[in-house]
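Work through these exercises with the structure open beside you. Try each task before you read its solution.

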Amino acid sequence: FIFLGYVLITFTIKYPQYLIDSRLVIAYSTISSLILVSVTRLFIFRTFFLLFAKNQLIRRRILIVGAGESGKLVAANIVTDRTYGMELVGFVDDNIPVGTKIFGNYITLGTTKEINDIVQIYHVDEIVVCLSNVTHHRLMDIVDLCKSTGKLVQVYSELYDIVAQKVQIERFKDFPMIRMSYFVNDQFNYIIKRILDIIASLFAIVIFSPFMIYIAIAIKKDSPGPVLFKQKRLGQNGKLFTFYKFRSMYMDNDDRMHREYLANLIKNGKQAATGGAEGIYKIADDPRITPIGKFIRKTSLDELPQFFNVLKGDMSIVGPRPALPYEYENYSDWHKERVRVLPGITGLWQVSGRNALNFEDMVVLDLYYIENISPWFDVQIMLKTIPVLLFGRRHAF
């Protein structure tokens, strides 16, 4: 509007002539737009929003899922501070009878199965999930139920402390919240992401080509067998593709050890006691690994051939790690959501800064990435991957 107004005025009065020059119009309008938009957002809009909210001209009706300590704490802040125009509707809880007073006169309105009806009856604008003593699986089921209402869903949970430490999140008053939204297949974002993948993978192949040649020679000298290890993995929507790595193991190995390890990992939700910093998919002190294999695994150099997978379009630079078919067979339904997008070389959970991620933590982080996927998010994760590689804080690649 500022730009159009500027053009209209200069065109109408035709004076002074130098202001009508096209380059000056663009420069003046850009600078003035930035200044006025910033002032409007920081001062005028915020002032009027807070004024309207305080006088209840703007209201956000909040439903809290979970009547425990976390739910009561959020409720107390909503009730005692009307600054942001939030109005508490009540609570939903599966373990407390309907009508029970939880905080002041606010009661439980029903169970999670009745969320859709409660949202419609009480004209809820926003749902805040405040659960701590539940499994990841149950938490994700409840979040899915909340999202099915079409309302904004925020999660305040100790189960999400991994995400809260490492990514930018919103604040719901004084509480860190994870915004959950439906996965949107934005074609434009995917085009940008694909272009970014091609540029980054080509750059990596050129930069690391001397290392790849040296590693190939070292592998050939170290033990008999091919330089590359090829394996079938699950890509986007479960489509099989050939996955490349530098070979780090002796030939003709039995994979029963890894099958049992993954089955136990997924079933129990915990890493093997010896897993440690080797990460989710790696068995510490694996006797099948060659001497050179130990080095390239520790430095993640065994992953370099996956840049060719990215060029082929089977993988992305950033995404969930590609699952093995026999791993996928042990997945629960909510785990299978990981294969909705292209798998990646690195991802959010690899750069989370945690040394003891268990399998379900990993899945939660993968799902968070999928829900918030964007080229800019990819760039942030790529940048965070660099110090992980340089300083050896490796979790699972």
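The exercises below concern a predicted model.

**Exercise 1. The whole chain**

Task: State how many helices and strands the chain has, and what share of its residues count as buried.

Solution: 
- Step 1. Count the elements. The chain has 13 helices and twelve strands.
- Step 2. Look at burial. Of the 397 residues, 45% count as buried.
- Step 3. Turn to contacts between residues at least 6 apart in sequence. Of these, 69% join residues at least 24 apart.

**Exercise 2. Helices H7 and H9**

Task: Decide whether H7 and H9 are roughly parallel or roughly antiparallel. Then describe the residues that meet.

Solution: 
- Step 1. Recall the method. Two packed helices are described by the angle between their axes and the distance between the axes.
- Step 2. Find the helices. H7 covers residues 187-222, and H9 covers residues 291-298.
- Step 3. Read the geometry. The two axes come within 9 Å and cross at roughly 150°.
- Step 4. Apply the cut-off. Angles over 145 degrees count as roughly antiparallel, so H7 is roughly antiparallel to H9.
- Step 5. List the partners. From H7 come Ile215, Ala218, Ile219 and Asp222; they meet Pro291, Ile292 and Ile296 of H9.
- Step 6. Sort by class. This contact has six nonpolar residues, no polar ones and one charged residue.

**Exercise 3. Helices H5 and H12**

Solution: 
- Step 1. Find the helices. H5 spans residues 136-147, and H12 spans residues 359-371.
- Step 2. Read the geometry. The axes lie 10 Å apart, at an angle of about 25°.
- Step 3. Sort by class. The contact of H5 with H12 has three nonpolar, two polar and four charged residues.

**Exercise 4. The surroundings of Gln306**

Task: Is Gln306 buried or exposed? Which side chain makes a polar contact with the side chain of Gln306?

Solution: 
- Step 1. Gln306 is found in helix H10, residues 306-312.
- Step 2. Check its accessibility. Gln306 has 0% relative accessibility, so it counts as buried.
- Step 3. List its contacts, leaving out residues up to four places away in sequence. Gln306 touches Phe243, Tyr244, Lys245, Met315, Arg321 and Ile345.
- Step 4. Pick out the polar contact. The side chains of Gln306 and Arg321 make one at 3.0 Å.

**Exercise 5. Cysteines**

Task: How many disulfides does the structure hold? Are Cys130 and Cys146 buried or exposed?

Solution: 
- Step 1. Recall the bond. A disulfide is a covalent bond between the sulfur atoms of two cysteines.
- Step 2. Count. The structure holds zero disulfides.
- Step 3. Check burial. Cys130 counts as buried at 3% relative accessibility, and Cys146 counts as buried at 0%.

Technical notes. Residues numbered from 1 in each chain as written. Predicted model: local features only at pLDDT ≥ 70, side-chain atom pairs only at ≥ 80, totals over all residues. Heavy atoms only, no water. Axes fitted to C-alpha atoms, helices over the stretch in contact; angles between N-to-C directions. Helix = DSSP H or I, 4+ residues; strand = E, 2+ residues; numbered from the N terminus. Parallel < 35°, antiparallel > 145°, perpendicular 65-115°, else oblique. Contact = heavy atoms within 4.5 Å. Nonpolar A, V, L, I, M, F, W, Y, C, P; charged D, E, K, R; others polar. Buried < 20%, exposed > 50% of the residue type's maximum accessible area, 1.4 Å probe, protein only. Polar contact = N/O pair within 3.5 Å; in protein donor to acceptor, adjacent residues only side chain to side chain. Disulfide = S-S within 2.5 Å.
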